[in-house]
Amino acid sequence: MRRKILVNVVGVLLAFLLGALVLLIQGYNPLEVYFRLFQYSLAPGKIAYTLSNSVPLVLTGLSASVAFASGAINLGQPGQLLIGGLLATVGGLYLHLPPLLMIPALLILSMIGGALWSGVAAVFKYWFNMSEFITTLMLNMIADYFTYWAITYPFFEKNATYPQTPLISKGGWMPEWGNFNSSILVMLLAFLVIWFIVNRATAGYEWRISGQNSLFSRLGGVNISKNYMMVMLLTGALAGLAGGMVVTAGPHRFIKDIGANYAWDGVMIAMVANTDIILTLVYGIFFGILQTGAVGMELITAVPKELIQVLQAVIVLIVVSGRVYFETLFTKLEARRKLKEMVS
Amino acid sequence: MDDIIEMNRIVKIFPPALVALDDVSVTFRKGEIHAIVGENGAGKSTLMKILYGMQPADSGEIIYDGEKVKFSDPGEAILAGIGMVHQEIILVPQYTVWENVVLGIEPVNFLDHLDVKKARHQVKEKIEEFHFNLDPDAKVEDISVAARQKVEILKLLFRNVSILIMDEPTSVLTPQEIPQLFEELKRLRDSGDTILFISHHLEEVLELSDRITVLRKGKKVDTIQADEATKTGLAQMMVGREVIFESIRKAQQAGEVVFEICGVNYTDPNKRPRLTDINIKVRASEIVGIAGVEGNGQLELVNVIMGLIEPTSGSIIAQGEDITREPIIEKRKRVAFVSQDRANMSACIPAKITENVIMTHHRLGKRFTKWGGRVLDSKQSALFTNEVREQFDVQMTSGEAVFKSLSGGNQQKVILGRELLLEAPFILLDQPTRGLDVGSIEYVHRQIMDMRAQQRGMLLISADLEELFRLCDRLVVMHRGRVVAELVTEETNVTEVGYLMLEGASYEA
């Protein structure tokens, strides 16, 4: 446990150090840049806003973490997010219910949308033994252009100059209290449910063991294909929920490229968190802090906000490689200690 | 005779803390066949790999021909005249014998192209020089395993290696091919080469070698002259105490049939028949052994029983019910299973010990779950892990530790605990003692006998005849996917079963 924290903290610090080097070469003052970055996202009035920005990151991160830990290579979060968002939008355009019914209805619709999209990949695997690695990636592109078509023709807002739908009915807007958007509560709830399923439920146990050794689980009596189907549907639903959140907590309509910034970050977060559910939450929020702060950093110090994407990638690379490196380092140190014991 | 290699005080630790070699010193003389013997994990291969530059030693030195040497890779060792033939043979199957031999050091003509004539001629000369019965133009994929092994040796001789390390060379050979290999090795020795020979077959070692070094658990026991050694003496040195090669069964009446394989046939996707008309019955309190050289259908039989592959025809019947096409979880109510492949079939190595212990129980045992089976009861998992630890004498820190952290013997105890506590009336044991040390083997054998006393029926697949004779009531011999003999253990002997395993036909004394 302590080792795990050490690897992550050291990895992140190293990444910031590398980033500072880049900034120095470019003639910026790294200390000021970093200060502005965190000042913008962590100022007292800003924290709630930053947290709501991390909602889609955490949800797609959870989707990828659960999938990877269970041995299902679901890389379709971008597509599932879009379809989920689209379905929630369509529901929001045609349903007119009081908020207490409307919001759950839209969230469920978004999850159905995501699950539908990942379900296609799961069925392809079941019938034709096609790897979800390929099919989910292909389905991303289809989802991309399908939603583009949907907001350009059937659900197009008449007077708009940019491809987007009209606003969804007010009852479907996620309530906001000052800066605090209730989508944060949905994110925390999803986190708790997923943590419980993965770490306490019978299904989660079977998923994790199958992810590590599928033959052993099969011989132990685990129904591998049923579990695979469940994992694909659940992780699709999570990514779909992220799409629903983006629409109902954000612009309240489906705008072109609405999810472009989030879904791949989910895969990155799952990798850097090593599919650990708690770490997924931590990194999801941390990346949210970075991305939110990037805007402020650009405003004040004129450092382009793209620097943050580089920083994120460097964090992933350093932490992931560091994990393996530290492991071998520790075992080697132990071996050396043993050698000394024997020789003396 | 002169000492040519001295290995002094070699220590090797595999991280984190596995001591593979503990202060081992050996000398090898010029022109001798020197056998290195020991059980699995005694450190034989590691010692030779260090000499050959495949692995660095953590401490100690090697003196070769009067000079201190340290090879950082096998290429350097070969240049210095030390070569190693591994158990698995690594050749290009599509190339001819001579092409394989010259590969990497091809003679070239003035255009810097391969000089085919010269290369082929050189290889042919070498073959004649050492009286190897090999055709230089044969393709490697067309020749026998024994001939391929010869090509490996030739490759090294062609590089002027004068010290030849052979890692269990007979393990890939048929009994008929072994004497020829031995002839060739002796001829090489007589021409002044040194041969270091890893083995755990005592008879071979006694027949072939001049001197023998015995390793036990990473330590050198002794180096002795082969003509002063005996088989029982060597066995005692290897395992550290007297070895009993006898049955430990007590008389017990077998009960009714608990498990039955009925007319099972299996043809693999390449249309090759792997199992032909297999019929085996197992009664309660009975241990039926399956004897056979590995690769004669045992793997397929296990997979059919466990439901990993579907038989082409025939059925598997447990307690009178046909379970051939039942889901695996249904089979597991009646069949416990200990696999020979711990890492892939019997355990999830990176998971916690507890998570390994509750597999299958979590579905079959009501106590392990709550909320209608949806949620695991972690208290019960911990309690059960403790039961396994106590009943099966597992050395471990906590159930929360990863399974990987256990030693091989303790891993097998955990697996046995899980499977035997399933309380299935039938247990399939596929080489349950493979890769274990002697103490653990004894432990596993005692557990198996306990299960017999508790009315369980067992099918024991083993490559080890001593184990089979020690435990089994009846023996079934498999050869090329068929049952070629069914014998009562008391009425047969090792020679007969060994003959049936190799030849398949019945034995005429």
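Reader: What domains does the domain assignment of chain B give?
Author: The assignment gives domain 1 (3-239) and domain 2 (257-503). The bounds come from an automatic or database domain assignment. Note that this is a predicted model.

Reader: How far apart are the centres of domain 1 and domain 2 of chain B?
Author: The centres, taken over C-alpha atoms, are separated by 36 Å.

Reader: What makes chain B as compact as a globular protein of that length?
Author: The rule gives 23 Å for 509 residues, and chain B has 26 Å. The two values are close, so chain B counts as compact as a globular protein of that length. Its C-alpha trace spans about 80 × 50 × 50 Å along the principal axes. Chain B holds 18 helices and 22 strands.

Reader: And why is chain A called as compact as a globular protein of its length?
Author: Chain A has 13 helices and two strands. For 344 residues the globule rule gives 20 Å, and the radius of gyration is 22 Å. These are close, so the description holds for chain A. Its C-alpha atoms fill a box of roughly 85 × 60 × 35 Å along the principal axes.

Reader: Why does G76(A) count as buried?
Author: A residue is buried if 20 or more other C-beta atoms lie within 10 Å of its own. G76(A) has 32 C-beta neighbours inside 10 Å, so it counts as buried. Its place is in the loop between α3 (47-69) and α4 (77-94) of chain A.

Reader: Which residues is G76(A) in contact with, leaving aside its neighbours within four places in sequence?
Author: They are W117(A), S118(A), A121(A), T136(A), L139(A) and N140(A). Take W117(A). It is 41 residues from G76(A) in sequence, yet their C-alpha atoms are 8.3 Å apart in space.

Reader: How many residues of each chain count as buried, as a percentage?
Author: In chain A, 48% of the 344 residues count as buried. In chain B, 42% of the 509 residues do.

Reader: What span does α5 of chain A reach, and what is expected?
Author: Helix α5(A), residues 99-128, has 30 residues. From first C-alpha to last it reaches 43 Å, close to the expected 44 Å. N129(A) follows α5(A), with a positive phi near 55°.

Reader: Which residues touch the most other members of the largest nonpolar core?
Author: That core has 91 residues, and the ones in question are L59(A), L238(A), L241(A), A242(A) and I269(A). The largest share, 13 residues, comes from helix α10 (residues 224-249) of chain A. Apart from this core lies another, of 77 residues, among them V258(B) and F368(B).

Reader: What does L59(A) touch, not counting residues up to four places away in sequence?
Author: Its partners include M187(A), A190(A), L238(A) and M245(A).

Reader: How many residues does each chain give to the contact between chain A and chain B?
Author: Chain A gives 21 residues and chain B gives 31. On the side of chain A, the largest share, eight residues, comes from α13(A). By class, that side has ten nonpolar, six polar and five charged residues.

Technical notes
Residues numbered from 1 in each chain as written. Chains lettered and ligands numbered in written order. Predicted model: local features only at pLDDT ≥ 70, side-chain atom pairs only at ≥ 80, totals over all residues. Helix = DSSP H or I, 4+ residues; strand = E, 2+ residues; numbered from the N terminus. Rg over C-alpha atoms; globule rule 2.2 N^0.38 Å. Buried ≥ 20, exposed ≤ 12 C-beta atoms within 10 Å, placed from the backbone. Contact = placed C-beta atoms within 7 Å. Nonpolar A, V, L, I, M, F, W, Y, C, P; charged D, E, K, R; others polar. Expected span 1.5 Å × (residues − 1). Core = buried A, V, L, I, M, F, W, Y, C linked by C-beta atoms within 7 Å.
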